[in-house]
Amino acid sequence: MTNPEPPAFKRTFLARRGELTTWLTENGQSADDAADITAEAFLRLWAHRHRFPPEEDPWPWLFSIAHRLMLKTRRLTRVQHATAERLADFERRHSAPPVL
């Protein structure tokens, strides 16, 4: 995909967007996260389009990027939940007793 014309990129986007978003939701991503990951993967494909010969299907690369972004999103969500739980526990243990 050496510096493709916008129509070529658009064709790839239209052909693969639904497939990628569906795969992400089937693997546990919310619809919003799947849409965000799909958009980010295509942005990265656009930024690196010079790496692909015109006859090469960028699907393996695009799928790999989306898979890594999905794992990153899962890690971030786990960290956010754990941090919220630790903060709530800290506040319970260190809150001042009510003043009568």
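These legends go with close-up views of a predicted model.

**View 1. Helix α2 and its length.** Helix α2 takes in residues 31-47, 17 residues in total.

View 2. Which residues of α2 are buried? They are Ala34, Ile37, Thr38, Ala41, Phe42 and Leu45. Around the helix axis these residues cover an arc of only 130 degrees, which puts them on the same side of α2.

**View 3. Where α2 meets α3.** Helix α3 runs over residues 59-94, and its axis and that of α2 come within 9 Å, crossing at roughly 135 degrees. With angles over 145 degrees counted as roughly antiparallel and 65 to 115 as roughly perpendicular, the two helices are therefore oblique to each other. The crossing of α2 past α3 is right-handed. On the α2 side, the contact is made by Asp33, Ile37, Glu40, Ala41, Phe42, Arg44 and Leu45. Their partners on α3 are Trp61, Leu62, Ile65, Ala66, Leu69, Met70 and Thr73.

**View 4. Met70, a buried residue of α3.** Met70 sits in helix α3 and is buried, its relative accessible area being 3%. What does Met70 touch, leaving aside its neighbours within four places in sequence? The contacts are Trp23, Leu24, Asn27, Gln29 and Ile37. Asp33 is 37 residues from Met70 in sequence, yet the C-alpha atoms of the pair are 8.4 Å apart in space.

View 5. Gln29 belongs to the loop between α1 (6-26) and α2. Is Gln29 buried or exposed? Gln29 is buried, with 7% relative accessible area. Not counting residues up to four places away in sequence, Gln29 touches Leu24, Ala34, Ile37, Met70, Thr73 and Arg74.

**View 6. Pro58 in the loop between α2 and α3.** This loop holds Pro58, which has a relative accessible area of 4% and is therefore buried. Look also for Ala47: Pro58 and Ala47 are 11 residues apart in sequence, and their C-alpha atoms are 13 Å apart in space.

How values were computed:
Residues are numbered from 1 along each chain as its sequence is written. This is a predicted model: local features need pLDDT of at least 70, side-chain atom pairs count only at pLDDT 80 or more; totals for chains, interfaces and linings use all residues. Side-chain values use heavy atoms; hydrogens and water are left out. Helices (H or I, at least four residues) and strands (E, at least two) are DSSP runs, numbered from the N terminus. The expected span of a helix is 1.5 Å times one less than its number of residues. Buried means under 20% relative accessible area, exposed over 50%, partly exposed in between (1.4 Å probe, protein chains only). The arc is that of the directions from the helix axis to the C-beta atoms. Axes are lines fitted to C-alpha atoms, for helices over the stretch in contact, and angles run from 0 to 180 degrees between N-to-C directions. Angles under 35 degrees count as roughly parallel, over 145 as roughly antiparallel, 65 to 115 as roughly perpendicular and the rest as oblique. A crossing is left-handed if the near helix is turned anticlockwise from the far one by less than a right angle, and right-handed if clockwise. Contact means heavy atoms within 4.5 Å.
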